[in-house]
Amino acid sequence: MKNNRQVPFIITAISIIIGFMLTLQFRSNQPTFATERQDTFQLRQNVQKEMEHHQKLLNDISKHEKLLSEYETSINEGSGPSVMQDELVRLEKEHGFADIAGPGIIVTIEDEPSAPGADRLQSPVMDQDLTDLTSLLFANGAKAIAVNGNRLIVNSSIRTVGEGIQVDTKPIEMPYIVKAVGDPQSLEAALRLPGSDRESMEDWFHFLNKKFTIQKSESITVPAHKGAGGVKYMKPLEQKGAS
C-alpha cells in the first residue's frame, strides 16, 4: 500500500527531470539557430555585393566595347583624331585636369569667434582632419573636390609641413574652404549624420571649437588641377618612320 502511494511522486519527479532536461536542450540549441540566421544574412549580403560587382563589370565591358566600336568606325571613316580628342576631354574631366561644374556643397571651416570676456581654447585643424573630411565626401559620391582652390586628384596629398598644411606642395591657411561637386543632399547628410563612432564630421569640428558651415548650391565650379599630374615615365609613342 505504501509503495502504491509513492508511485505518483516518482512519476512527478521523473516528469520534472525530463522537463528540465528538455529546457536545457532547447536553450543550448538557440545560439546555433541565431548563428545560422546570422550566417544566412551575411551570405545574402555577400551575394548581393557580388551581383552588384558583376553588374558593374558587365557595364564596364559594354562601355569599352562601345568605345572600341567607335574607334574602329572612326578609323574606317577617317575621323579617328576627333573621337580620340573627345575621349581625351572626357578623361581630363574625370581625372581632375579640367574644370568641372555642377550642383554640390561648399564647406567653410574657420575659428569660432569668442564671446566678449570668454576665453575658449581653439584647437588647431590637423592635416588628418581635412583628409578625413575629403575622403568622406568622395565616399559619398563627390565627383570633384578642391581645398582652398586646389583640386584633389588620385595622387594628391594633404599633409602638415612645418607649422602649416599643404595640399600637394601648396600651403593653405584658415579659413579652409572645401568645394565638392555631387548630390548636395547626400554630401550634406554625410557630414551631419553620426558615423560608426556616433559622432558626425560636423560634431568633430565643433569639438575643435571651429565654425563649420555647409552651403548647398545648384552650381559650383571646381577648378582643374594645376600641377603636371606626376607623370614621370610615360612618353608619347613615336610613329614609325619619324625622323
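Hi everyone, let's start with a helix pair: helix 3 passes helix 4 in a right-handed crossing, meaning that the near helix is turned clockwise from the far one by less than a right angle. Helices here are DSSP runs of H or I with at least four residues, strands are E runs of at least two, and both are numbered from the N terminus.

A quick note on the source: this is a predicted model, where local features need pLDDT of at least 70, side-chain atom pairs count only at pLDDT 80 or more, and totals for chains, interfaces and linings use all residues. Residues are numbered from 1 along each chain as its sequence is written, and side-chain values use heavy atoms, with hydrogens and water left out.

Back to our pair. The axes of helix 3 (residues 127-139) and helix 4 (residues 184-192) come within 9 Å and cross at roughly 140°. Axes are lines fitted to C-alpha atoms, for helices over the stretch in contact, and angles run from 0 to 180 degrees between N-to-C directions.

Which residues make the contact? Helix 3 brings Leu 133, Leu 136 and Leu 137, and helix 4 brings Leu 187, Ala 190 and Leu 191, with contact meaning heavy atoms within 4.5 Å.

Now the sheet. Five strands form an open sheet in the order 3-2-7-1-8, with antiparallel pairing; two strands pair if DSSP finds at least two bridges between them. Strand 1 (residues 100-111) and strand 7 (residues 176-181) pair over six bridges, and Val 107 stands opposite Val 178 in strand 7.

Finally, helix 4 lies across strand 1, strand 7 and strand 8, running at about 165° to strand 8. Thanks, all!
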